[in-house]
Amino acid sequence: MNEKIKKQILSLINLSDAKWNLFNPKESYLLAISGGKDSLSLLTLLSNFLKNFKCLHIQISPDSDLSFIPFVKNYSTIDIISSNIMEQAITSKKNPCFICSRRRNQAIFEYAHSKGIQKVIFAHNREDVTETLLMNMLYSRKIATMLPKQDLFGGKIHVIRPLYEVPEILLANYAKEIPTITKACQFDGHTKRQYIKDLIKQISQDHPQIKIADNLYNSLLHVDSLHLPNLINRKE
C-alpha cells in the first residue's frame with residue numbers, strides 16, 4: 001500500500017479525532033464492513049487508533065460475494081449476518097436504496113446493542129457527506145447531511161465516521177491492492193447518489209479552475225445563518 005497516501009489519510013483521521021473526539025480506547029467499537037474500498041481501507045488503519053474492535057458484514061443477499069472475508073481476518077474478527085434485504089428493497093414500492101440502507105443500519109445497530117457495543121463505525125468519506133447534502137436538498141427539501149459523530153436512540157448507540165474529511169480519491173488510490181468486491185445491488189451505478197456524484201464530476205470538469213468538491217464540503221463549515229430564512233426572525 002502507498003505509504004505516502006497512508007500518512008495523508010491517517011493525518012486527516014487524526015484531525016477529525018482532534019475536532020470531534022471520535023476514539024476512546026477504553027470503549028468497544030464495531031466497524032461496519034461492506035467489502036468496498038472505504039470500509040476495507042479503514043479496517044487497515046484503525047489499529048493506529050484502537051487496540052480492539054469487531055467487524056460486521058450484512059450480507060444483503062444469500063449469494064453475495066464474501067471473498068474479502070479472509071482479508072478482514074488479518075486485522076480483526078468479523079461476524080456475518082445473512083439476509084434477503086436486497087430482495088425486500090427491490091420488491092418494495094418505496095425507494096429501494098432507502099429501504100436497503102435503513103434495514104442494513106437497523107441490523108447493524110441491533111447487533112451492536114446485543115453485544116453491548118455502543119460505538120458503531122461507518123466508513124463514509126468526504127464525498128459521501130457532500131453528496132448527502134445535495135441529495136437532501138434536491139429530494140428531501142431540507143439542508144442536512146451525515147455527522148462525524150452522532151448519538152442515536154437516546155444515546156444507546158453512537159456513530160462515528162473517521163473518514164469524514166478524507167477525499168474519495170485518496171481512498172481509491174490507497175485501496176488499489178485491497179481485495180474489494182463488486183456491489184451486489186442491481187441498481188449500482190443507476191441511483192440518485194450516483195446521479196449526484198456524476199453531476200458534481202461534470203461541474204468540476206466544466207470549471208477546472210474551481211475546486212468544486214472542496215467548496216461543497218467547506219460550505220458546511222461556513223453557514224451564513226443571516227441568509228437562511230428559518231434561522232432569522234423566528235417567533236419565540
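1. A word to begin with: a salt bridge is a side-chain nitrogen of Lys or Arg within 4 Å of a carboxyl oxygen of Asp or Glu. Please keep in mind as you read that this is a predicted model. By the salt-bridge rule, the count comes to 10. Some of these bridges join up: Lys37, Asp38, Glu131, Glu168, Arg193 and Lys197 are linked in a network.

2. Let us look at one pair from that network. Arg193 and Glu131 form a salt bridge, with their closest N and O atoms 3.4 Å apart. Arg193 belongs to helix H8 (residues 192-206) and Glu131 to helix H6, so the pair ties together parts that are 62 residues apart in sequence. How exposed are the two partners? Arg193 counts as partly exposed because its relative accessibility is 26%, whereas Glu131, with a relative accessible area of 2%, is buried.

3. Helix H6 (residues 126-139) takes part in another bridge, and the partner is in helix H9 (residues 212-219). Here Arg126 meets Asp214, and the closest N and O atoms are 2.7 Å apart. Since Arg126 lies in H6 and Asp214 in H9, the pair ties together parts 88 residues apart in sequence. Arg126 has a relative accessibility of 13%, so this residue counts as buried. For Asp214 the value is 26%, so that residue counts as partly exposed.

4. While you are at H6, have a look at Thr130, which is also in this helix. Is Thr130 buried or exposed? Its relative accessible area is 3%, and buried means under 20%, so Thr130 is buried. Leaving out residues up to four places away in sequence, Thr130 touches Leu216 and Tyr217.

5. A further salt bridge joins the side chains of Glu27 and Lys119, at 3.0 Å from N to O. This pair links distant parts of the chain: Glu27 sits in the loop between H1 and E1, Lys119 is in strand E4 (residues 119-121), and the two are 92 residues apart. Glu27 counts as partly exposed because its relative accessibility is 29%. Lys119, at 6%, counts as buried.

6. As background, nonpolar side chains tend to be buried together in soluble globular proteins.

7. What is Ile13 in contact with, leaving aside its neighbours within four places in sequence? The list is Phe23, Leu42, Leu45, Phe49, Pro162, Leu163 and Val166.

8. The buried residues of H1 are Ile5, Ile9, Leu10, Ile13 and Ser16. Seen down the helix axis, these buried residues fall within an arc of 135°, so they line one face of the helix. They pack against H2 and H7. On the other side of H1, Lys4, Lys7 and Ala18 are exposed.

9. The two ends of H1 have details of their own. At its start, a side-chain oxygen of Asn2 comes to within 2.9 Å of the backbone nitrogen of Lys4. Just after H1, Asn21 takes a positive phi of about 55°.

10. Helix H2 is largely enclosed by the rest of the structure, because 8 of its 9 residues are buried. These are Asp38, Ser39, Leu40, Ser41, Leu42, Leu43, Thr44 and Leu45.

11. Finally, a residue at the surface. Asn74 is found in the loop between H3 and strand E3 (77-82). Its relative accessibility is 59%, so Asn74 counts as exposed. To get a sense of distance, compare Asn74 with Asp214: the two are 140 residues apart in sequence and 34 Å apart in space, C-alpha to C-alpha.

Conventions. Residues are numbered from 1 along each chain as its sequence is written. This is a predicted model: local features need pLDDT of at least 70, side-chain atom pairs count only at pLDDT 80 or more; totals for chains, interfaces and linings use all residues. Side-chain values use heavy atoms; hydrogens and water are left out. Contact means heavy atoms within 4.5 Å. Buried means under 20% relative accessible area, exposed over 50%, partly exposed in between (1.4 Å probe, protein chains only). Helices (H or I, at least four residues) and strands (E, at least two) are DSSP runs, numbered from the N terminus. The arc is that of the directions from the helix axis to the C-beta atoms. A polar contact is a pair of N or O atoms within 3.5 Å; within protein, one must be able to donate a hydrogen and the other to accept it, and residues adjacent in sequence count only if both atoms are side-chain atoms.
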